Amino acid sequence: MATPLTDQEKRKQISIRGIVGVENVAELKKGFNRHLHFTLVKDRNIATPRDYYFALAHTVRDHLVGRWIRTQQFYYEADPKRVYYLSLEFYMGRTLQNTMINLGLQNACDEAIYQLGLDMEEMEEDAGLGNGGLGRLAACFLDSMATLGLAAYGYGIRYEYGIFNQKIKDGWQVEEADDWLRHGNPWEKARPEYMLPVHFYGHVEETKDGSKWVDTQVVLAMPYDTPIPGYMNNTVNTMRLWSAKAPNDFNLKDFNVGDYIEAVLDRNLAENISRVLYPNDNFFEGKELRLKQEYFVVAATLQDIIRRFKTTKKGSPGRTSFESFPDKVAVQLNDTHPAMAIPELMRIFVDIEKLDWDTAWSLTQRTFAYTNHTVLPEALERWPVELLEKLLPRHLQIIYRINQLHLDRIATLYPENMYKLRKMSLIEEDGCKRVNMAAPAHLFRDFSEMEPQKFQNKTNGITPRRWLLLCNPGLAELIAEVIGEDYVKDLYQLKKLLEFVDDAALIRDISRVKQDNKVKFAQYLEKEYRVKINPSSIFDVHVKRIHEYKRQLLNCLHIIAMYNRIRMKPNAHFVPRTVIIGGKAAPGYHMAKMIIRLITSVAEVVNNDPVVGSKLKVIFLENYRVSLAEKVIPATDLSQQISTAGTEASGTGNMKFMLNGALTIGTMDGANVEMAEEAGEENLFIFGMRVQDVADMDQKGYDATSYYKRIPELKQVMDQITSEFFCPKNPDLFKEVTDMLFKYDRFKVFADFKDYMKAQEKVSKLYQNPKEWTKMVIRNIAATGKFSSDRTIKEYATEPQEAVVEKAKALRKM
């Protein structure tokens, strides 16, 4: 329950969380009671905590609606260039508190709820419409685009079932359906008036007027709009998610009256398109339903974009010329998943709008941009030609033509170079004939050499609104007291904290905020997991999707090594640790599930060994998601970012931990490299091979057994895993894990083990000096300015083309 504010506290309230104000509180209470009675049709005698949440959500939404309408009216009148962000994932988490903060209503809402005498549990469901980093980045970008006042729209799919709920039963991951819409969603507004047809299957007929896609099966795309408020600026943008609906005549024409019931039931075949999010992260699964989802979202979105282009005020009663299309429309593709938008826009321009090919291709090239998020080969999308021919026959024709023109250009630039022609073709001919969706998006060095102007690097970012103000109000307010409030919209201002790095009061206050967060999270763990942990221990946290390349296994080996050290010398000094690991394994990713099983088995042994006591605890966080991240990140002392160098494209979890006062132990991989540049490598615990070291090892061969033989501590750990030590009832349980580590570990866990152990010893040593530890924390927080998603979006919007070319040339020389 919210704590009442004293008059003195109310006067001290800073604007980053809004003012209290008697009028504000009274208005909110009035709105709350009105919605409880007239929207939910309840009174206080029978209302549940969920009813109270919905009443408050509707009350806050009332404060959004006017701003939302006025923002869209302004865009209609001014007709600015609009940005359309296409993503198959938007990992939004919860909306209520984020909205209250961005509208400046947080403190007034807290006070109103207190005065109403309510005790509201966290009743809001996470909108789990993403797997991990890619979807969460999309959510941060929407927040930043609204905060910067850009005319931006997010487009995706309204999955009925989001990322699965993870349960741990007998140490194993078990997936349960994430029925996040079960109780309704107060933030969305259905827009059936903008429902659009999307076509599948059929065949192509050649006519005197050109190609015609006929005899298609139609599915309707129903839009649901969610408001995206900027921070304290009255801008409210829109995220539009599409839901698949069967047309009324779906399959009915194929049945007689006696089969009417069967025909209606078959409508599910169409509506399955938006039923469930594929729970794969960094892994391509070439299923027909997935291709349907990808085309469904781009086909509906492009129709919507063109409708808006034709009907804005300055273009009414309807633009007939598309010459200005790239001047008014920018479409950003979030990875390869929406890449089918390129042939789809070509189809619309050539087949429907009757533009000639060259004009259409020029417009298309100037409209689209693409971001690649991974370097793992298993993540790259390669669609079988046979499937495309069946599902999207006209698009396959267009892809073939694009490819032919592309190959003609390569042949001109590199005469008689068959290697380049084969390697750079969009169509892969080896074995199953496939369309490589990453190739046209220019992933490889050959493409960058040919067209350097198309390549640029953008460092990812996080929104400081959710990842500081919302999740860590104590730290956010402390920083505002020291350097002012403007850092919320200009994170570079955190550099001002460097002036206070030796200030005893700031060191004390930063340390106090961290300890408060740790105590709070320890209470949460005790309540949820019935494990009592030591709040003075190092909170050593490793939370992200479970994947071999993220090397949760390396962390697990370290846990066992620490456990062995304690057992060997129970009375020796040991800096207490609580190791917290969390994340979901894709349901079909067997090795990831085995990694979870190993971690839970190790936790079972460690946590129940009386010799260890409170020196070492291991927690596997069940069902890690956005709302749980908001709890654990502010409480973290040590953030683990330990992927093999050269495998993590960026990462944004590392940035969230850094901003919230955690120190990083990590390899020189992904954004860790830039974090080390910003804060100084001496302010992170960097270990392990660099990218060149990994490449050299790949060249000469990686021999895991040699490390096992020459590192006694590693040998002991592996012997325990291989034996029945952690699984007395099933001695061979982890044979697949040990076989992988010894025989075909692409990510070279053993090679970094020794250096990782040394880095962890440095962590323990520094933690015993709280003053120096906290100074390093302050230096890290001060260095996070670059990692605001506001900066990322500004670069996307404003970086001049000449700088892009120069960056590309520099990258090629590296």
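Reply: A residue is called buried here when its relative accessible area is under 20%, exposed when it is over 50%, and partly exposed in between, with a 1.4 Å probe and protein chains only. This is a predicted model, in which local features need pLDDT of at least 70 and side-chain atom pairs count only at pLDDT 80 or more, while totals for chains, interfaces and linings use all residues. Residues are numbered from 1 along each chain as its sequence is written, and side-chain values use heavy atoms, with hydrogens and water left out.

Side chains of opposite charge can pair when their charged atoms come close. A salt bridge is taken to be a side-chain nitrogen of Lys or Arg within 4 Å of a carboxyl oxygen of Asp or Glu, and a search of the whole structure finds 54 of these salt bridges. Helices (H or I, at least four residues) and strands (E, at least two) are DSSP runs numbered from the N terminus.

Arginine 551 and aspartate 752 form a salt bridge in which the closest N and O atoms are 2.7 Å apart. Arginine 551 lies in the loop between strand E18 (538-543) and helix H20 (552-568), and aspartate 752 in the loop between helix H28 (735-743) and H29, so the pair ties together parts that are 201 residues apart in sequence. Arginine 551 is buried, at a relative accessible area of 1%, and aspartate 752 is buried as well, with a relative accessible area of 1%.

Helix H29 itself covers residues 753-767, and its end C-alpha atoms are 21 Å apart, in agreement with the 21 Å that 15 residues should span at 1.5 Å a residue; the expected span is 1.5 Å times one less than the number of residues. Its buried residues are Phe753, Tyr756, Met757, Ala759, Gln760, Val763, Ser764, Leu766 and Tyr767. An α-helix has 3.6 residues a turn, so residues three or four places apart point the same way.

In another pair, the side chains of arginine 382 and glutamate 428 meet in a salt bridge, at 2.8 Å from N to O. This pair links distant parts of the chain, since arginine 382 is in strand E15 (residues 382-384) and glutamate 428 in strand E16 (residues 427-428), 46 residues apart. Glutamate 428 counts as buried, because its relative accessible area is 14%.

Between lysine 420 and glutamate 449, the salt bridge has its closest N and O atoms 3.9 Å apart. Lysine 420 belongs to helix H15 (residues 418-424) and glutamate 449 to helix H16 (residues 445-450), so this pair ties together parts that are 29 residues apart in sequence. Here lysine 420 is buried at 10% relative accessibility, whereas glutamate 449, at 39%, is partly exposed.

Salt bridges also link Arg191, Asp225, Arg240, Asp304, Arg307 and Arg308 in a network. Strand E12 (residues 236-245) pairs with E4 in the parallel sense over 5 bridges, where pairing requires that DSSP finds at least two bridges between two strands. Tyrosine 153 stands opposite threonine 238 in E12. Strand E1 (residues 82-86) is likewise joined to E4 by 4 bridges and runs parallel to E4, with tyrosine 85 opposite glycine 154 in E4.

Strand E4 (residues 152-157) is mostly covered, as 6 of its 6 residues are buried. Ala152, Gly154 and Gly156 point one way from E4, and Tyr153, Tyr155 and Ile157 point the other way. In a regular strand the side chains alternate between the two faces of the sheet.

Asparagine 102, in helix H4 (residues 96-103), is buried with a relative accessible area of 1%. Leaving aside its neighbours within four places in sequence, asparagine 102 is in contact (heavy atoms within 4.5 Å) with Asp143, Pro229, Gly230, Tyr231, Met232 and Arg465.

As for covalent links, a disulfide is a pair of cysteine sulfur atoms within 2.5 Å, and a search of the whole structure finds 0 disulfides. Cysteine 727 is in no disulfide, and the nearest cysteine sulfur, that of cysteine 556, is 12 Å away. Cysteine 727 is buried, with a relative accessible area of 7%, whereas cysteine 432 is partly exposed, with 44%.
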